Amino acid sequence: MSWVTQTLSSSLGRKVIMAATGLFLCTFLVVHAAGNLQLFKGDEGRAFNEYSYFMTHNPLIMTVSYLLYTSILAHALMSLILTRHNQASRPVKYAFARPEANSPWSSRNMGILGTVLFIFIVIHMRTFWYTMHFGPIPMAEYDGQQYKDLYKVVVEAFSHWWYVLFYVLAMVALGYHLVHGFKSGFQSLGVRHKKYTPLIEALGMYVFAILIPALFAAMPVYIFLKVNGII
């Protein structure tokens, strides 16, 4: 297990772990966004409830979900350790430093953005994941089979403007976090080439920093407008 100890104790090893877990979480975001698009179907939640049932009963996906939870915790922990290490190595800031001239805002505030997202994940999982598995939840029946009606839980949560606002702001933070984090993850893994880097940067900007957060943000806004009869 010495290689594990060496990896966790070195700055490079921690960056590799942070990059690998971050890119895995990016993959999850794509799958999660695609599944949640079922919310836009006008079928009173049937497609979404069937999708939720599949995600919580498929053995392979249930196994991968534990890897997901581990990745979230490992990513957050490595971020905290690296931030504290960087602060300790430079306890006094340069008097005339102008970081805004040398790096974008998102890269200088990854810790703040990550903290906002971690808080969002905790609240989000308490609202939906915990309720789905342990809370009181209504049932729906399709073709003689019973399903937990998570759609009603989603509609209830997104009927409150303050929760929708919180969700949308979290997606803005996600976009800023990914615009730097996606390409940084590949760099930490040594994937940097004049042929591939422009494509990676384009994917990070247009897909993960804009499209994916926009899709997530559109869901609560759509449901809020629908519940209140605006659309």
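This is a predicted model: local features need pLDDT of at least 70, side-chain atom pairs count only at pLDDT 80 or more; totals for chains, interfaces and linings use all residues.
**View 1. An aromatic pair formed by F120 and Y167.**
A pair of aromatic rings is described by the distance of the centres and the angle of the planes. For F120 and Y167 the arrangement is edge-to-face, with 5.2 Å from centre to centre and 85 degrees between the planes. The pair links distant parts of the chain, since F120 belongs to helix α6 and Y167 to helix α8, and the two residues are 47 residues apart.

**View 2. The packing of helix α2 against helix α9.**
Two packed helices are described by the angle between their axes and the distance between the axes. Helix α2, which covers residues 11-36, and helix α9, which covers residues 197-227, pack at an angle of about 35 degrees, and their axes are 10 Å apart. The crossing of these two helices, α2 and α9, is left-handed. On the side of α2 the contact is made by C26, L29, V30, H32, A33 and N36, while α9 contributes F208, I212, F216 and M219. Sorted by type, the residues of this contact between α2 and α9 comprise 8 nonpolar and 2 polar residues, with no charged ones.

**View 3. F216 and the residues that it touches.**
When residues up to four places away in sequence are not counted, F216 touches L29, H32, A33, N36, Y167 and M171. Among these, L29, H32, A33 and N36 are residues of α2 that take part in its contact with α9, whereas Y167 is the residue of helix α8 that pairs with F120.

**View 4. The largest nonpolar core, with 35 residues.**
Inside this core the residues with the most contacts are V154, F158, M171 and F216. At least two residues of the core are supplied by each of α2, α3 (46-57), α6 (110-134), α7 (150-157), α8 (161-188) and α9. Helix α8 gives the most, with 9 residues.

**View 5. G13, a residue of helix α2.**
G13 counts as buried because its relative accessibility is 9%, and the cut-off for a buried residue is under 20%. Although G13 and S188 are 175 residues apart along the chain, their C-alpha atoms are separated by 9.5 Å.

Methods
Residues are numbered from 1 along each chain as its sequence is written. Side-chain values use heavy atoms; hydrogens and water are left out. Axes are lines fitted to C-alpha atoms, for helices over the stretch in contact, and angles run from 0 to 180 degrees between N-to-C directions. Helices (H or I, at least four residues) and strands (E, at least two) are DSSP runs, numbered from the N terminus. A crossing is left-handed if the near helix is turned anticlockwise from the far one by less than a right angle, and right-handed if clockwise. Contact means heavy atoms within 4.5 Å. Ala, Val, Leu, Ile, Met, Phe, Trp, Tyr, Cys and Pro count as nonpolar, Asp, Glu, Lys and Arg as charged, and the others, Gly among them, as polar. Buried means under 20% relative accessible area, exposed over 50%, partly exposed in between (1.4 Å probe, protein chains only). A nonpolar core is a set of buried Ala, Val, Leu, Ile, Met, Phe, Trp, Tyr and Cys residues joined through side-chain atoms within 4.5 Å. Rings of Phe, Tyr and Trp (its six-membered ring) pair if their centres lie within 6.5 Å; planes under 30 degrees apart count as stacked, over 60 as edge-to-face and the rest as tilted.
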